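Please read the following report with the sequence and the structure side by side.

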Amino acid sequence: MQYYPKIKDRKIRIAIIGCGRISNNHFAAIEKHSEEMELVALCDTNGEVLAAHVSKYKVNGYSNMAELLASEELDLIVLCTPSGTHAGQAALAAKHKVHVMTEKPMATRWKDGVNMVKACDQAGVYLFVVKQNRHNATLQLLKRAIEEKRFGKIHMVHLNVFWTRPQSYYDQAKWRGTWEFDGGAFMNQASHYVDLLDWLIGPVDKVQAMMSTTRDIEVEDTGVMNVRWRSGALGSMSVTMLTYPKNMEGSITILGEKGSVRIGGMAVNDIQQWEFEEPKDYDEQVKTANYETTSVYGFGHPLYYKNVIDVMRGNEEPETDGREGLKSLEVLIAAYLSARDGKTVSLPLEY
């Protein structure tokens, strides 16, 4: 078992790499946990963006991550950078004995994800992969019902991600919509929904997928995927970034021998059906678990940070470490291989 030194008597020192749109969730989470951690540095290759954030947060700013790591005494870096750069940045941080938190997806290639885990293992640092949607109150109730086997045998599962990303979204930066740095609708926008396939239902056995591209980008903006789990359950997933005129739905439906549940809304924030053969006392919480949201990110980042802090204090185990992150990456890569080759892809990808 790997030994990680614990941080007990001071604040955790953290730096954010990349100050794009998702970084705001991290700044807010750090502020919420300001008694436990402190932001000490930022890094971004865009000089104007970096200057604005340095002025706002009153910390040191760097345009080069290697220079930041060499200059600062850090415990943890957060990668809010293009997904295709995560592997190299995680390895660089590991060399400096700095723990790593990475946004989704952890990598755009299977080998890169595996190498991230190996690099952090060898350096004796944690690799945390952000899966904040798992903390949504609606999904927490659903996870509990599954763990208590209230569905009996799960027969069928279906997920929809009907969102919109106009061409102007992809035109914001050259890395958007590329295979190397971004990934498509499944890997980027719907990544947290792909995560639900394994986290909620269990290990995936086989995947079949078809994908198409309408926007002027390399990757897919629309796709469908059929899934067979090792349990025998069957399911599917429909994803598009072409919904008119705005984000419409992020949903999951589970049909079992003793229960049926559908959680919809724009981002699995509205429990629309909750029926089981045997009632439980917490079924009343369904009404209060629903929440209004205009954000597809949900509200889980502060809760995710709480686990990271507890892990680094030596009080908890990681909820989603690198190996947990590899589970959804493996399903994603299987889907892309299936769509490319027109074949059913079996998991695991390697033995």
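Which strands does H11 lie across, and at about what angle does H11 run to E6? In this predicted model, H11 lies across E1, E2, E4, E5 and E6, and its direction is at about 165° to that of E6.

The sheet itself is open and is formed by six strands with parallel pairing, in the order E3-E2-E1-E4-E5-E6. Strand E3 (60–62) and strand E6 (127–129) each have a single partner strand, so one side of each of these edge strands is left without a neighbour in the sheet. On average, and with direction ignored, neighbouring strands are turned by 25° against each other. Between E1 and E2, which run parallel, there are six bridges, and Ala15 stands opposite Ala41 in E2. Helix H2 also packs on the sheet, where H2 touches E2 and E3 and makes an angle of about 155° with the direction of E2.

The structure holds 15 salt bridges, and the table lists some of them.

| Pair | N to O distance |
|---|---|
| Asp195 and Arg134 | 2.8 Å |
| Lys327 and Glu324 | 3.1 Å |
| Lys287 and Glu284 | 3.6 Å |

Asp195 in helix H9 and Arg134 in the loop between E6 and helix H6 are 61 residues apart, and the pair thus links distant parts of the chain. Asp195 is buried, with a relative accessible area of 3%, and Arg134 is buried as well, at 8%. Lys327 and Glu324, by contrast, both lie in helix H12, three residues apart; Lys327 is partly exposed, at 36%, whereas Glu324 is buried, at 15%. Salt bridges with shared partners join Arg134, Asp195, Glu324 and Lys327 into one network. Lys287 and Glu284 are both exposed.

How values were computed
Residues numbered from 1 in each chain as written. Predicted model: local features only at pLDDT ≥ 70, side-chain atom pairs only at ≥ 80, totals over all residues. Heavy atoms only, no water. Pairing = 2+ DSSP bridges. Helix = DSSP H or I, 4+ residues; strand = E, 2+ residues; numbered from the N terminus. Axes fitted to C-alpha atoms, helices over the stretch in contact; angles between N-to-C directions. Contact = heavy atoms within 4.5 Å. Salt bridge = Lys/Arg side-chain N within 4 Å of Asp/Glu carboxyl O. Buried < 20%, exposed > 50% of the residue type's maximum accessible area, 1.4 Å probe, protein only.
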